[in-house]
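Here's a quick tour of how some side chains in this structure meet. Have the sequence and the 3D view open as you read.

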Amino acid sequence: MRYLCTVNNTTNPVILFDGVCNLCNSSVQFIIRKDKKNHFNFTSLQGQTGQFLLQKFNLPPAHYDSFVLAEGDQVYSQSTAALRVLKKLGLPWSLAYGCIIIPRFIRDAVYRLIAKNRYKWFGKKECCMIPSAELSAKFLD
């Protein structure tokens, strides 16, 4: 498998998230706490690295309504990205990957409903999250 070595020399899969979304920021904090093996790096969709990766994978530059996982030369979004991340977090979270058998159009319909309402239900920040010094190594910009 080839990795995203062209992005800050990381060999880890990169999670792209909406940096101003409270739900997205909470999800990133959850992943950081559960990612005991340091599988993932992070970048906001609005940042320079996020924009570079969106361009690299031919995704729209304002693709802020989706959680995106860049893993090697592959990119995953919406429910598939979320399930692939959970799979790497170990038990009990990896059990959720069993939901991959649900047809994607159903999984993604639920995902889009939540994504469409995330600001209304969970709120929005004025600017992207700034990681602590301890966590800054996990963030690409």
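A residue is called buried under 20% relative accessible area, exposed over 50%, and partly exposed in between (1.4 Å probe, protein chains only). By that cut-off R118 counts as buried because its relative accessibility is 8%, and D18 is buried too, at 1%.

This is a predicted model, where local features need pLDDT of at least 70, side-chain atom pairs count only at pLDDT 80 or more, and totals for chains, interfaces and linings use all residues. Residues are numbered from 1 along each chain as its sequence is written, and side-chain values use heavy atoms, leaving out hydrogens and water.

## Salt bridges

The whole structure has 4 salt bridges, each a side-chain nitrogen of Lys or Arg within 4 Å of a carboxyl oxygen of Asp or Glu. In one of them, R118 pairs with D18, with the closest N and O atoms 2.8 Å apart. R118 sits in helix α4 and D18 in the loop between β1 (14–17) and α1, so this pair ties together parts 100 residues apart in sequence. (Helices are DSSP runs of H or I, at least four residues, and strands are runs of E, at least two, numbered from the N terminus.)

R104 and D108 also meet in a salt bridge, at 3.0 Å from N to O. Both lie in helix α4, 4 residues apart, or about one turn of the helix. D108 is buried at 5%, while R104 is partly exposed at 48%.

Then there's a network: salt bridges link E71, R84 and K88.
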